[in-house]
Amino acid sequence: MKVRPETFHCQRCGTCCRVPGYVALTHDEVEKIAAFLGLDVYTFTAQYTTLTYNRRDLTLIEREDGGCIFLEPDSSCRIQAVKPQQCIGFPFAWKSKQLLEQCPACRGSGQG
């Protein structure tokens with residue numbers, strides 16, 4: 001399924017935030033998110049991140065159901081103003097077949 005920017009209109013349904021997987025963080029993103037939450041970097045890192053399998057990168061932790069720790073019950077993002085580039089890039093910088101099939105905006109884009 002190919003999604004083009006001119007046909008994609010995010011519905012903010014949170015589907016992309018409910019799929020288990022890494023949300024890799026850059027050093028700058030860690031600092032921005034920590035500041036946004038009013039935390040120092042060390043507290044933020046301890047509470048909201050874990051190491052990836054390569055033990056070199058940080059990723060946001062997930063809830064027990066696999067969803068992002070910052071996904072609110074109404075499907076909004078608690079850190080929308082400073083969300084990671086990986087989140088901003090969906091579905092153009094990255095995507096998975098499973099997620100594209102589940103995302104209402106991707107399914108409705110006419111690019112199936």
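A residue counts as buried when its relative accessible area is under 20%. The structure described here is a predicted model. In this model, threonine 59 has a relative accessibility of 2% and therefore counts as buried. Threonine 59 sits in strand S3, which spans residues 58-60. Its side chain makes a polar approach to the backbone: a polar atom of the threonine 59 side chain lies 2.9 Å from the backbone nitrogen of valine 23.

Helix H2 comes next. Its buried residues are Glu29, Val30, Ile33, Ala34 and Leu37. Viewed down the axis of H2, these buried residues fall within an arc of 130°, so they line one face of the helix. Several elements contribute to the cover over the buried residues of H2, including strand S1 (24-25) and helix H3 (41-48). Strand S3, the strand that holds threonine 59, is also part of this cover, as is helix H4. The face of H2 turned away from the buried side carries His27, Lys32 and Ala35, which are exposed. Just after H2, glycine 38 adopts a positive phi of about 75°.

Aspartate 28 belongs to helix H2, which runs over residues 27-37. Aspartate 28 has a relative accessible area of 49%, so it is partly exposed. In sequence, aspartate 28 and proline 84 are 56 residues apart. In space, the C-alpha atoms of aspartate 28 and proline 84 are 9.5 Å apart.

The pockets were examined as well. Rolling a probe the size of a water molecule over the atoms shows where empty space is left. The largest pocket holds about 660 Å³ of space. Its lining is made up of 37 residues. Of these, Cys16, Cys17, Lys83, Cys87 and Phe90 lie nearest the centre of the pocket. Two elements give two or more residues to the lining: helix H1 (15-18) and helix H4 (85-88). By class, the lining of the largest pocket comprises 24 nonpolar residues, 10 polar residues and 3 charged residues.

Notes:
Residues numbered from 1 in each chain as written. Predicted model: local features only at pLDDT ≥ 70, side-chain atom pairs only at ≥ 80, totals over all residues. Heavy atoms only, no water. Helix = DSSP H or I, 4+ residues; strand = E, 2+ residues; numbered from the N terminus. Buried < 20%, exposed > 50% of the residue type's maximum accessible area, 1.4 Å probe, protein only. Polar contact = N/O pair within 3.5 Å; in protein donor to acceptor, adjacent residues only side chain to side chain. 1 Å grid on protein atoms, 1.4 Å probe; cavity = no way out; pocket = protein on both sides within 12 Å on 5 of 7 lines; lining within 4 Å. Points joined across faces, edges and corners; volume = space filled by probe spheres on them. Nonpolar A, V, L, I, M, F, W, Y, C, P; charged D, E, K, R; others polar. Arc of directions from axis to C-beta. Contact = heavy atoms within 4.5 Å.
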